Every structure is written in C-alpha cells, then in structure tokens.
Amino acid sequence: MDSETFLSTSYARIRAVASVPPGTSARTLPSPSTLSQARSTLPTTAALLSGRGPEATLSHLTSDIAPALAGHNRSGRYYGFVTGSTLPVAEAADNLVSALDNSLQVHLPGQSVATEVEDAALRLLLEVLGLGLGLGSGDENGRWEGRTFTTGATASNVLGLACGREAVVAARLPPGSTNDGGVGELGLLGACAAAGVKEIQVLTSMGHSSLSKAASVVGLGRRAVKELRYSEVEPWRLDLDAVERELQREGVASIIAVSAGEVNTGRFATTGSGDMRRLRDLADKYKAWIHVDGAFGIFARSLPATSEFARLREFTAGLELADSITVDGHKLLNVPYDTGIFFTRTSTIPQAVFQNPNAVYLSTPTPSSGPTIPSPLNIGLENSRRFRALPVYAVLLSEGAAGIADMLARMVRLARGIAGAIARDEKLKHDYELLAASSTGDEKDNDDGNENTHIVVLFRARDEGLNEKLVEKIQASGEWYVSGTKWEGRPACRIAVSSWRVKVDEDLAFVKDRLAGIAKEWKEGGK
Ligand SMILES: *Cc1c(COP(=O)(O)O)cnc(C)c1O
C-alpha cells in the first residue's frame, strides 16, 4: 500500500474505534480485562528487531491499544480532574497540524503564515476572555504583547514565575546596573546579590500543585510558596491583609499567585475588581508581580453576560490587572492535549528570560511584508514547537464568542444542577453533603451553592463507610468518572464538568439516579 492510500484509509479505521454513535454514551474507562488484554500485547524488546510495517502496526494500535484508553474525549461523563474533551473541529485541525507538521520557532513572514495564525488565535482568545485587546491595530495592540502557546497550565505557571522572578529582581537592581542584565543574564544568585534580594516568595491561597513545581523549576524552591488563606471556611480566598504584611518584609521580593479558580472547589482567590485593584496597588507599591493561574477558572469571564452568571463574572472581574496569566486550552476550551496559553503584558520580560543569544540563523529577519511578531522561540521555553495554535484558532472561528459562551454555560448549568440536587433534593440531601459552595459559611448562603458554582462540585457521602468507597464505586461503574480528593482532612468526591458533550438535563438525571442508587444499595447491603 502506498503512503497516500495508507493515510486515507487509516483515518477511517481511527474513526471506527473512536466514534460515538448518536444517542449512545461511551464508557469512561476500559474494563480491567480490556486493560490486561492490551498489556499482554505490548512488545518485548526482541520483537522490535524486525519492523512490523505500518499496516500491522496500525491494526495493533486500533485493535489492542485504543480500546484500553480512557474515555476523556468519547464520554461527556468523564468528570475527573479537569480533562475537557475535543471539539470535532479541533480534532480535524489537529490532524491537519500533524499532516503538515510545521514547527513554529522563528517568525518567517515570507515563508509561512503559521506565526501569524498563532498570533491571531492568541488575540481572538484574549477577546473571548475579555482581556481587552481587539483585533484592530490601534493602541490596544501593546497590551498582552508577551503572548505564547505552551503545553499546558503547568508550563504556563513556569513561564509566569520565570517572568515574575525576572521582574521583581530587576526592579531592585541599583540604578545603572540593569544594563548588565537581570536573572536571565546573571543567574538567580548573581542577580539577587546585586539587587540585595535574600529571598523570593510566592504568595497564594490553595495554589495548584504545579505552582510549587514551577517554583522548584525556576529555582525559588517549593518552600517559597506561602499559603495565605483567608479563613478555614474559605481557604481558596487570598488573605489580602496577610499579603500586605508579607510584601513589607525587608530584602524579600514577592510574586503574588492568584488561584482563579482553585482546582478542588472551582472557587476564586479574589472576590472581584476591588480585591484585584488592591492587589495591583500593593504590587506597584512593593514592586511585586501578580500572576493569575486561570487554567480553567478564567473562562468564567466568557460566560453569557446574563444575571445567571453574574456572580462568576464578579469573581473573575479585575483579573486583567495581572502581570501574567495562565490559561489552559485542553480543559474548558476543548482542544486536544496538550495546549496551554501564557499572557504577559510586555514582550521585554519574557525576552529577557527566553532569548536565544548568538544564534544568527534563529533571529527574526526584518519583515518586508506582514506584521512584526516576536519569534516564538525567544519568548517561550521551547525552540521547536508544534503548531498547537491551529486547533484553538479553529475552535474560536467555528464557535465564535457566542458558541463558546453557550458551551461553557452548559457545563456550568450541569455542575449547578448537581450541586443543587446534592444540597436540596430529598433523595440525595440526607445521604450526601455539598462542600465548599458557600461564600461565608453562613447557613443562609449555604443552602444552594448555585451562584458560586462554576464547573466543579465538591461533595461527600454523609456515611463515613460509604464516603471511603464512593469514588471507587463510581469509577468502577465505567459509566461515569469522578476524582477523589481530601477536604478538611476527609475523603471527598469531586465532579468537574468540562466537555462539550454535556447534555444538561440528561446528564443531571443520570448523576442523580446513580448517586441515589449508590446510597440505597449501601444502606440495603452494607457495602
Ligand atoms: C490543571 C491545572 C493546572 C495544571 O495544568 P496542566 O494543563 O495539567 O499542566 C494548573 N493550575 C490549575 C488551576 C489547574 O486547574
């Protein structure tokens, strides 16, 4: 078979194993026997000596491997982590990316339009997120001029802390010495010594684990991350008074990392533009950097502008005052793994960190036509990168702001339906308890949790024994999937709605029915 025939027939074979017939619901997990069957087909190294050829290999992939993969994309009821699915147009775009296999490293306007498509995708996304850029060529273009694609929110958080580190140390260098460069040039030890900085701290509330990982990667250390939680009832909220006290410490430079939203609860570190305004004033006064980890939470800004979502828009108001922002593409935007986005106000700071020195063949030629776009390799981590902007571009064009808003609204409505049922439904409320949904811990605020609910629902079974087993029972069903976590020291169950496949009424009825069934079975059978 020639390569063209192989490729065109391979796609039909892929669809045969990946498609979900209308009206059916795919399994969330392969069965244990499917998994062990697949495992038994993995080759030994000796088997690699003679190649099997593309056709036998593709058969192995579609018949043995594919059935043993999880249903992140095929099932709308995969509520674990925040996985997202892949919109069909994004999948199609991703196939085009592989078929043409362009690397985006240097902006070469005379040779490829790829960097311009990437930039258009980033600008469109800024627009959808209400970060105020506009596609025109007015003054607005200077804002969020440091913008790039990454592999995910973890990589974006690494970029955010790297840029923050560069900026907070540079702001403390003695006048005149900045020509020698900051951390990017001198290294952390040299630059901190020159700047009189003895410590760099990251101030947060329930920061995502990847924030600590990023702190380690950029040389600050996991222990640099300080939890400044507002209260035991609202631990996701940032204690702004504590932030102010920390910023006053002598010889210490700070990065403020705003959790928007927090991954266990979906709740937000700031309550609105007032909090963000205060943080901005504090950061300006004490030369701190504000990084927003908005992996999935920032999409609350893209919900329909109706009263239904007013509370969520309020929580995410003011995030545009940040110095840098992390966004995930493979979560709520429903593009394939792996896609993250990083925004920062200027391109000078990422350039100070990520510049490739002395590689003339990598430098950007002065364009004779087309816009000036910083070469991606000088503002982000990778030199060679996949054209992962294309699926994002495709989704934004295909759905438009209205389509994205509608998709996000369906996710929120299902999450709120589930939260409301757990809190109020006669068949559920005696057996389950909704967690982390109130604003203040007051009973009156606690009764529905609806307005505060974004796409995450945190809850537990009231019976200790059932609570220990709840996540396992749900996962073992293969029909739906949730993540386990701990809340206030005890196991808890977490539903994150993140797929375009959400069907609000149908999925709500399903979840209610299964939760009621699990509780009933537990009471009757004691297991
Ligand atoms: C998922 C998530 C991350 C990590 O994102 P990856 O895309 O898995 O790298 C970071 N922060 C928050 C708030 C998240 O939800």
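**Exercise 1.** In this predicted model, find which atom of the ligand lies 2.7 Å from a polar side-chain atom of Asp293, and then look at what surrounds the ligand.

*Solution.* For Thr154, a polar side-chain atom lies 2.5 Å from an oxygen atom of the ligand, while an N or O atom in the side chain of Lys331 is 2.8 Å from a ligand oxygen atom. The protein covers 84% of the 380 Å² of accessible area that the ligand has on its own (Shrake-Rupley method, 1.4 Å probe). In total, 14 residues surround the ligand, where near means that a heavy atom of the residue lies within 4 Å.

Residues are numbered from 1 along each chain as its sequence is written. Because the model is predicted, local features need pLDDT of at least 70 and side-chain atom pairs count only at pLDDT 80 or more, whereas totals for chains, interfaces and linings use all residues, and side-chain values use heavy atoms, leaving out hydrogens and water.

**Exercise 2.** Locate Lys331, and decide whether Lys331 counts as buried or exposed.

*Solution.* Begin with the loop between β6 (324–328) and β7 (340–344), which holds Lys331; strands are DSSP runs (E, at least two residues). Next, Lys331 has 13% relative accessibility and therefore counts as buried (under 20%, with exposed over 50%). Finally, not counting residues up to four places away in sequence, Lys331 touches Val82, Thr83, Gly84, Ala295, Phe296 and Ser498, contact meaning heavy atoms within 4.5 Å.

Terms used:
A polar contact is a pair of N or O atoms within 3.5 Å; within protein, one must be able to donate a hydrogen and the other to accept it, and residues adjacent in sequence count only if both atoms are side-chain atoms. Helices (H or I, at least four residues) and strands (E, at least two) are DSSP runs, numbered from the N terminus. Buried means under 20% relative accessible area, exposed over 50%, partly exposed in between (1.4 Å probe, protein chains only).
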